[in-house]
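Thanks for coming. I have one structure to go through today, and I will keep it short. Please have a look at it first.

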Amino acid sequence: MSITEKPLALARRAVALLNGIPYSAVILPARIATFSVFFRSGLVKIADWNATIQLFREEYKVPILPPEFAAHMAATMELGLSSLVLVGLFSRLSVLGLLGMVAVIQLFVEPMGWPDHIQWLGFMVFILWRGPGRLSLDYLLARALFGESTRNHS
């Protein structure tokens, strides 16, 4: 093997090793990140509910929804949907709900928050696109109900 072929062989081997990593191992950190971002935000909301209601009344001002309803809805979605994403149950639907929430935040609450919001989109879009992987309740449920193992769960 010549001196120029060695780096190419190493690069090919590295790419092959990376390509061999199962999707389930790659998507798990994205599910954990989704959970972490939204669950922590939900905990902050319920830790001081009066302050949360005040924020929704005076700063957030989500259109159409009364502040109390918007606060309850946000806390419920952050705690509930993020937990579902973590365990991988109804993952795509849960991520879709969280992405809708991010869209509302971006458009009406914090338009300059796009650097954070685009990061959240970055790890949630793959869950929406390919699902939560084999290490999920969705995978177990699909196998139990339909006896199927699709490529989206690899």
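Glu68 counts as partly exposed, because its relative accessibility is 32%. Bear in mind that this is a predicted model. The side chain of Glu68 meets that of Arg57 in a salt bridge, at 2.5 Å from N to O. Glu68 is in helix H4 and Arg57 in helix H3, so this pair ties together parts that are 11 residues apart in sequence. Arg57 is also partly exposed, at 43% relative accessibility.

The count of salt bridges comes to two. The other pair I want to show is Lys45 and Glu78, whose side chains meet at 3.0 Å, N to O. Lys45 lies in helix H2 and Glu78 in helix H4, so parts 33 residues apart in sequence are tied together. Are these two buried or exposed? Lys45 is buried, with 11% relative accessibility, and Glu78 is buried at 3%; the cut-off for buried is under 20%.

Now the largest pocket. Its volume is about 620 Å³. It is lined by 30 residues, and Lys45 and Glu78 are among the closest to its centre, along with Tyr60, Met101 and Ile105. Helices H2, H3, H4, H5 and H6 each supply at least two lining residues. Which helix gives the largest share? That is H5, with six residues. By type, the lining has 20 nonpolar, five polar and five charged residues.

Last, the surface. Met112, Trp114, Ile118, Leu121, Val125, Phe126 and Trp129 form a nonpolar patch there, with about 780 Å² of accessible area together. Phe126 sits in helix H6, residues 114–130, and is partly exposed at 39% relative accessibility.

Methods: Residues are numbered from 1 along each chain as its sequence is written. This is a predicted model: local features need pLDDT of at least 70, side-chain atom pairs count only at pLDDT 80 or more; totals for chains, interfaces and linings use all residues. Side-chain values use heavy atoms; hydrogens and water are left out. Patches are made of residues with over 30% relative accessible area and no salt bridge: like charges are joined within 9 Å, nonpolar side chains (Val, Leu, Ile, Met, Phe, Trp, Tyr) within 5 Å. Accessible areas come from the Shrake-Rupley method with a 1.4 Å probe; for residues, only the protein chains shown count as cover. A salt bridge is a side-chain nitrogen of Lys or Arg within 4 Å of a carboxyl oxygen of Asp or Glu. Helices (H or I, at least four residues) and strands (E, at least two) are DSSP runs, numbered from the N terminus. Buried means under 20% relative accessible area, exposed over 50%, partly exposed in between (1.4 Å probe, protein chains only). On a 1 Å grid over the protein atoms alone, a cavity is a set of points where a 1.4 Å probe fits but cannot get out, and a pocket is an open set with protein on both sides within 12 Å along at least five of seven lines; lining residues have an atom within 4 Å of a point. Grid points are joined across faces, edges and corners, and a volume is the space filled by probe spheres set on the points. Ala, Val, Leu, Ile, Met, Phe, Trp, Tyr, Cys and Pro count as nonpolar, Asp, Glu, Lys and Arg as charged, and the others, Gly among them, as polar.
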